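Me: I would like to go through this chain term by term, asking each time what the word rests on. Please set each value against its definition.

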Amino acid sequence: MKSFPSPLTASEEKYYIQRYTEGDLNAKHILIERNLRLVAHVIKKYQNLEEDPEDLLSIGTIGLIKAVVTFNPEKGNRLAAYASRCVENEILMHLRAKKKSAKEISLYEPIGTDREGNEIKLYDIIETDEADVPEKICLKENIQKLYEKVENELSQREKLVLKMRYGLYNGEEYTQREIARQLGISRSYVSRIEKSAIGKLRTFF
């Protein structure tokens, strides 16, 4: 795991939170960067799972950004304590979505044999309009392919923007303006990243 800047002291944290509430976006970036070590610490809990640490770091960073944006210092908590819960929630959401996806049964999954010894698939007995079945199979395969290409073909920033923009992995959907505000970049830049990512994905479909 890469090295991260040292955490903020209580007084530094208070100072930068105050600056951020006054509209200083650089203060927001500092609050995020100086808490990345916390994200790395939280994801260590999941190092025994078959998860890419870089992917978990990216997902955990989304939780950290949400924490910085929604933190209320008037409640008397340290940002780190609040952020650690947000980071963990984001990772758990991702793991639940992945687990749910893994449990889905393929329509071509063999489920037994008929009296003549022929293999029966779920596709053969599913109760649905025959005309709809190929369409549903195609849709499911495309969704699985989409997630695979998102993970393997896009940059970390492109993945982050698409996950936030379209609520991938059962996440919350955000407008371009909201994403721009959370990431501290312009809305037009978010739009360019989104278009670039979609352009890359479109070549596979």
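**Terms and values**

Reply: Of the 205 residues of the chain, 36% count as buried, where buried means under 20% relative accessible area, exposed over 50% and partly exposed in between, with a 1.4 Å probe and protein chains only. This is a predicted model, in which local features need pLDDT of at least 70 and side-chain atom pairs count only at pLDDT 80 or more, while totals for chains, interfaces and linings use all residues. Residues are numbered from 1 along each chain as its sequence is written, and side-chain values use heavy atoms, with hydrogens and water left out.

Me: Which residues of helix α2 are called buried?

Reply: In α2 (residues 25–33), Ala27, Lys28, Ile30, Leu31 and Ile32 are buried.

Me: Why is α8 called oblique to α9?

Reply: Helix α8 (residues 156–166) and helix α9 (residues 176–183) pack at about 135°, their axes 10 Å apart. Angles under 35 degrees count as roughly parallel, over 145 as roughly antiparallel, 65 to 115 as roughly perpendicular and the rest as oblique, and therefore α8 is oblique to α9.

Me: What makes the contact of α8 with α9, and how is it classed?

Reply: With contact meaning heavy atoms within 4.5 Å, Leu160, Val161, Met164 and Arg165 of α8 meet Gln176, Ile179, Gln182 and Leu183 of α9. Ala, Val, Leu, Ile, Met, Phe, Trp, Tyr, Cys and Pro count as nonpolar, Asp, Glu, Lys and Arg as charged, and the others, Gly among them, as polar, so the contact of α8 with α9 has five nonpolar, two polar and one charged residues.

Key. Axes fitted to C-alpha atoms, helices over the stretch in contact; angles between N-to-C directions. Helix = DSSP H or I, 4+ residues; strand = E, 2+ residues; numbered from the N terminus.
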